[in-house]
Amino acid sequence: MEKFIQISAKALAQLRSGFNYFLEEKVQANSTNLILFLLSIFVLFLLSFSLILGFPNIAQILFIIAVLAGIMLVILVGLAIYYESNRHLTKGHHNFKIEPINKSRIRFDHIQLDKASQKEFIRLMKGKRVNQRINFTMGNKSGDSANHKILFVLFDELLVGGIQDLAGERKQYFFDLLMESFF
């Protein structure tokens with residue numbers, strides 16, 4: 001019995017993995033695939049509904065199909081609006097998750113930010129892109145240029161997971177974020 005359970009569980013896991021792959025990679029790949037998938041589910045629902053109830057009058061079947069088609073249209077339009085609004089929400093945001101921090105606990109005098117840069121830094125900490133580049137002027141001992149080491153240490157503490165393990169594309173996104181946010 002235990003062997004049957006293990007074999008069945010393995011088969012179910014493979015089935016679920018394949019189904020998840022289908023939903024994530026094929027159906028959710030673009031909006032057209034999602035709409036077509038939902039329409040096919042709707043058609044299957046209509047067919048099974050009419051077969052189970054077996055209406056004798058064709059007018060009743062057409063009325064129910066029209067009502068269900070109207071409901072499906074409202075659902076599809078609602079889903080399209082929802083996904084489009086998600087796309088608009090993420091437009092002005094960067095791809096990094098910031099540790100939650102109370103803005104009143106930030107000691108701007110230690111990192112030498114002016115008022116405009118403080119506002120932009122708080123905006124950056126909320127996960128949004130900056131409107132104006134932040135004037136980071138905390139100098140080296142030599143006084144020639146800003147000490148970017150402090151900026152990296154700061155972001156290592158602020159970003160969830162830190163920056164030390166960033167690699168590849170994510171590392172490039174981080175450097176792009178720094179270049180467009182600070183001068």
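**Entry 1. Annotated segments.** I began with the record: the unreviewed UniProt entry lists residues 34–55 and 61–83 as "transmembrane region". UniProt positions are in the numbering used here, feature names are shortened, and annotations may be inferred rather than shown by experiment. I noted that this is a predicted model, where local features need pLDDT of at least 70, side-chain atom pairs count only at pLDDT 80 or more, and totals for chains, interfaces and linings use all residues. Residues are numbered from 1 along each chain as its sequence is written, and side-chain values use heavy atoms, with hydrogens and water left out.

I then checked residues 61–83. The chain there is 100% helix and 0% strand. Its end C-alpha atoms are 32 Å apart. Helices (H or I, at least four residues) and strands (E, at least two) are DSSP runs, numbered from the N terminus.

**Entry 2. Largest pocket.** I looked up the pocket next. A pocket is an open set of points on a 1 Å grid over the protein atoms alone, where a 1.4 Å probe fits, with protein on both sides within 12 Å along at least five of seven lines; lining residues have an atom within 4 Å of a point. The largest one has a volume of about 260 Å³, taken as the space filled by probe spheres set on the points, which are joined across faces, edges and corners.

I found 13 lining residues, with Ser31, Leu34, Leu79, Ala80 and Tyr83 nearest the centre. Helix H2 (31–53) and helix H3 (58–89) are the elements that give two or more residues to this lining. H3 supplies the largest share, 6 residues. By type, the lining has 8 nonpolar, 3 polar and 2 charged residues. Here Ala, Val, Leu, Ile, Met, Phe, Trp, Tyr, Cys and Pro count as nonpolar, Asp, Glu, Lys and Arg as charged, and the others, Gly among them, as polar.

**Entry 3. Cores.** I moved to the nonpolar cores (buried Ala, Val, Leu, Ile, Met, Phe, Trp, Tyr and Cys joined through side-chain atoms within 4.5 Å). Buried means under 20% relative accessible area, exposed over 50%, partly exposed in between (1.4 Å probe, protein chains only). The largest core has 23 residues; Phe121, Leu124, Phe155, Phe174 and Phe182 touch the most other members. Helices H4 (108–111), H5 (115–125), H6 (148–158) and H7 (168–181) each supply at least two residues of this core. H5 gives the largest share, 4 residues. Another core, of 6 residues, lies apart from it and includes Ile64, Leu68, Met72 and Leu76.

**Entry 4. H5 and H6.** In H5, I listed Ser117, Gln118 and Glu120 among the buried residues. Their cover includes H4, H6 and H7. Just after H5, Gly127 takes a positive phi of about 95°. In H6, Leu151, Phe155, Asp156 and Leu158 are buried.

**Entry 5. Leu159.** I placed Leu159 in the loop between H6 and H7. Leu159 counts as buried because its relative accessibility is 3%. Leu159 touches Phe96, Lys97, Ile98, Glu99 and Phe174, not counting residues up to four places away in sequence; contact means heavy atoms within 4.5 Å.
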